[in-house]
Amino acid sequence: MARRFGAAPGEDPWAGGYVAPLNFAPVITAGREFIAGPRPSGGRLSPRMTPRLWGVLPPPNSNDPARRIASVRNLDSPFWIGNLRNSEFRCLVPVTSVMLWGSGTDYEGRRLKHWFAPEGGGIFAMAGVWKDEDVPAFALLTRDAAGTPRDAGCKSMPVIVPDSEAARQTWLHSGWDAARSIAEQSQPALLRELGSDQPD
């Protein structure tokens, strides 16, 4: 996964496997390694892939301060905007498929799971943003479902970064106006449904 996006695997490589909120996931960042802060002057830092916790702590005034937030829906929220504007906090989350909840239920009353991947398969990147906590954690940017996920009855979906080096570099390094345009040009139409069972 690191090689696919030109990133170093880092000193704490991800072990692999299925990822869900409140678990660790592989995250590609291009900011400072261990602490938040401006990048050193004189050039870009090389991207690297490190495990980060999926789900950030909510604001202190939250009704449930222990419940972590796994997704970013409002890009103008005061809770997120500072991190989104500072490119060191933006990240890529590489995956081979994504599960989204459908609006229906099965014969036992359980919500339907739908799995999606790009046409042709392979690894793709979702847009994320991380926060500097005791355990660095991230959340995925999401949007209203479109394309095949919408047709399957899904309400929302992650923001998929277009599969080009220019788009990835824009998300990781550019100013917020340019990066936001990447988020708003997410490519849901390129996803195909794999089925309701978890892929291998």
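Guide: Arg180 is partly exposed, with a relative accessible area of 22%, on a scale where buried means under 20%, exposed over 50%, and partly exposed in between (1.4 Å probe, protein chains only). Together they form a salt bridge whose closest N and O atoms are 3.0 Å apart; the term stands for a side-chain nitrogen of Lys or Arg within 4 Å of a carboxyl oxygen of Asp or Glu. Both residues belong to helix α4 (residues 176–184), four residues apart, about one turn of the helix. Helices (H or I, at least four residues) and strands (E, at least two) are DSSP runs, numbered from the N terminus.

Please keep in mind that this is a predicted model, in which local features need pLDDT of at least 70, side-chain atom pairs count only at pLDDT 80 or more, and totals for chains, interfaces and linings use all residues. Residues are numbered from 1 along each chain as its sequence is written, and side-chain values use heavy atoms, with hydrogens and water left out.

Now to Asp163 and Arg168, a salt bridge with its closest N and O atoms 2.8 Å apart. Asp163 is exposed at 54%, whereas Arg168 is buried at 8%.

Finally, Arg68 pairs with Glu133 in a salt bridge, the closest N and O atoms being 3.0 Å apart. This pair links distant parts of the chain, 65 residues apart: Arg68 is in the loop between β2 (48–54) and β3 (71–72), and Glu133 in the loop between β7 (124–131) and β8 (137–144). Arg68 is partly exposed at 23%, while Glu133 counts as buried at 16%.
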